[in-house]
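I opened this entry to keep a record of side-chain contacts and sheet layout.

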Amino acid sequence: MAGSNQTPYYTPTSKPSSATLPFSSWKKLNPYYSLAAVTFLCCACYYAGYLQHSSVGLRVLTTSTIASTTNCFSSQNNTSITTSRVSSTSSSSPLDFRTHHAADDGGAVAPDDAVKIYPPCDVKFSEYTPCEDQKRSLKFKRDRLIYRERHCPEKNELLKCRIPAPYGYKNPFKWPLSRDLAWYANVPHKELTVEKAVQNWIRFEGDRFKFPGGGTMFPNGADAYIDDIGKLINLKDGSIRTAIDTGCGVASWGAYLLSRNILAMSFAPRDTHEAQVQFALERGVPALIGVIASKRLPYPSRAFDMAHCSRCLIPWGEYDGTYLIEVDRVLRPGGYWILSGPPINWRKHWKGWERTREDLNAEQTKIEQVAKSLCWKKFVEKDDIAIWQKPYNHLQCKESRKMSRNPPMCPAQDPDKAWYTEIETCLTPLPEVSSEDRVAGGQLEKWPKRLHAIPPRISRGTVEGITADTFKKDSQLWKRRMSYYKTVNNQLGQPGRYRNLLDMNANLGGFAANLVDDPVWVMNIVPVEAKVNTLGVIYERGLIGTYQSWCEAMSTYPRTYDLIHGDSVFTLYEDRCEMEDILLEMDRILRPEGSVIIRDDVDILVKVKRIADGLNWDSQIVDHEDGPLEREKLLFAVKSYWTAPATQESKIY
């Protein structure tokens, strides 16, 4: 395991290799001989590396291989790598990516004077979500739920310890079984089984929870509810691929959409109902902690084909329609907004909702007025479901608004800017079109063609520096990279080993695109510090993701992801925040026995590996897919299994 003396450590230095000829001897040589000798040595180094790489297929970088591969770069980069310490054993043994569920070392690591050891945190932090901490949230305004937004700790408040899994933690059930079952020990909360018992959200049976697929507004189950929606709009032809579920509960709506090739981004606040988002993630369903309050949702404009609210308790008609205005921003031209629950069909349900007819009628009237002011059309209302449709462009909308300008069109702005960005009470204008039959921003292909077609944002030239040719080359690049990943970690090709995946620096979504046929989903992150905002492109491909700064914690629970991928993340944040804080956050959101793939410059990966050892990850640095002479290397790691110690309460179950 990492932290033991099985894995050597590598330290970048400016010292020359001991094999280098002394300088006094080189001075006596004719410069032409010197040039020839250097050329010969580099060629020999390249040839030796090529033979080793091609014959073995994969090289784990030990002390000697790092030194030999980096010496050929010294003339260009003025860097070389030697060792500061060498272990008695080689690190060439392959990593074990399989799950085992148990360990008896309590998460301890062997002491090592060269590695900073990160101790386990107290058990009270087992569900710690730094930027949604309930105690901190009470310091902020309750008006408009501002206290439930992201409020991150200061730098001096950051934990420097490893978040423990609860005692008895087990790897989740494999998908699709996980959609319906979760271990009690993994999410030890029974509140919802009592609070939502009548609505059939969740049941507790023995050592596990069962999710019958029920919901407040779909007593016959989410599958039947989605079938009812499918009778009103077409969910089968591939025109609807991405969806957003506001106030998602345990995300049964999103869970059952997956069988229809529709990928839903579900979110709910941290403390409305205990652990609802945590249950969603444990089931293997995409979800984030979030709330519509005073800030924009962390998604680009025109991202979702469909938005949904099933009794999500959001006051859509209040605050000048601010929340519906935000839904309009993230909804694609021609996209649908679905509302079920109060006040829809209030004439039938008003007594059960314990509200007056007048109150419910006034609420629906406000919603209808806001929707009309956004130029939405009431598509259909049947039984307990109402559906509105956003226009395909704003030509007619602008014409009709010459008399009524409430809300006004937003002035020139970046509609994709959505990280701590205030919601504006103005209508986000759609891209200009030449005629009423044109789709603003460009027509999307239907799924699955959408995945590999040139995204409209690229074909229209609105993403700086990225062309159709760039996109095609990137697609080929990631096809090759994923093939290589699977030779190192053969579990990537085993259905069921991984379910929830995270790409920390997704660029154009190539990593996720090459996993689309596997039973996994990928949360694609576009860092706010990235040079180019590509999240809109990712959504146009039919994938999902969010904005994030890795100088802060992610809005998710501990143990969310089975595999984390990071491409050049530490290069991006090299002068922005501490490497150890990013790795501690990765450790927090990674499941026990979860896997990590990091690609970066070799000097950076050496530092990453040292911290990974202190986190008790079992890790190895291996060659780039193009061979040993590439400065970029890859670090593969597996987080060790350990849990908090048993408590009196945990022993009962």
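**Salt bridges**

I began with Asp518 and Lys486, whose side chains meet in a salt bridge at 3.7 Å, N to O. Asp518 is in the loop between α17 (510-513) and β14 (521-527) and Lys486 is in helix α16 (residues 468-488), so the pair ties together parts that are 32 residues apart in sequence. The term salt bridge stands for a side-chain nitrogen of Lys or Arg within 4 Å of a carboxyl oxygen of Asp or Glu.

I noted the basis of the entry here: this is a predicted model, in which local features need pLDDT of at least 70 and side-chain atom pairs count only at pLDDT 80 or more, while totals for chains, interfaces and linings use all residues. Residues are numbered from 1 along each chain as its sequence is written, and side-chain values use heavy atoms, with hydrogens and water left out.

I then looked up accessibility, where buried means under 20% relative accessible area, exposed over 50%, and partly exposed in between (1.4 Å probe, protein chains only). Asp518 is partly exposed at 26%, and Lys486 is partly exposed at 31%.

I went on to Lys446 and Asp237, which form a salt bridge of 3.3 Å, N to O. Lys446 belongs to the loop between α13 (395-400) and α14 (449-452), and Asp237 to the loop between α7 (222-230) and β6 (242-246), so this pair ties together parts that are 209 residues apart in sequence. Lys446 has a relative accessibility of 43% and counts as partly exposed; Asp237, with 29%, is also partly exposed.

I checked Lys231 and Asp228 as well, and their side chains meet in a salt bridge at 3.8 Å, N to O. Lys231 is exposed at 66%, whereas Asp228 is partly exposed at 38%.

I found a network of salt bridges that links Arg481, Asp567, Arg599, Glu625 and Glu632. The count of salt bridges comes to 43.

**Rings**

I searched the whole structure for aromatic pairs and got 22. The rule takes rings of Phe, Tyr and Trp (its six-membered ring) with centres within 6.5 Å; planes under 30 degrees apart count as stacked, over 60 as edge-to-face and the rest as tilted.

I picked out Phe304 and Tyr539, an edge-to-face pair with 5.0 Å centre to centre and 70° between the planes. Phe304 lies in strand β9 and Tyr539 in helix α18 (residues 535-540), so the pair ties together parts that are 235 residues apart in sequence. Phe304 and Tyr539 are both buried.

I looked up Trp337 and Trp388 next: the centres are 5.2 Å apart and the planes are at 35°, so the pair is tilted. Trp337 is in strand β10 and Trp388 in strand β12, 51 residues apart, and the pair links distant parts of the chain. Trp337 is buried at 1% relative accessibility, and Trp388 is buried at 2%.

I also noted a cluster in which ring pairs link Phe97, Trp478, Tyr485, Phe511 and Phe636.

For charges over rings, I used NZ of Lys or CZ of Arg within 6 Å of the ring centre and within 35 degrees of the ring normal. The charged end of Arg142 sits over the ring of Tyr147, 4.3 Å from the centre. Arg144 has its charged end over the ring of Tyr319, 5.1 Å from the centre.

**Sheets**

I took helices (H or I, at least four residues) and strands (E, at least two) as DSSP runs numbered from the N terminus. Two strands pair if DSSP finds at least two bridges between them.

I traced an open sheet of seven strands in the order β8-β7-β6-β9-β10-β12-β11, with mixed pairing. Its edge strands are β8 (287-289) and β11 (377-382), each pairing on one side only. β11 and strand β12 (residues 385-389) run antiparallel and are joined by five bridges. Glu381 stands opposite Ala386 in β12.

Axes are lines fitted to C-alpha atoms, for helices over the stretch in contact, and angles run from 0 to 180 degrees between N-to-C directions. Helix α10 (residues 322-330) lies across β9 (304-310) and β10 (331-340), at about 135° to β10. Helix α12 (residues 357-373) lies across β10, β11 and β12, at about 145° to β11.

Terms used: Contact = heavy atoms within 4.5 Å.
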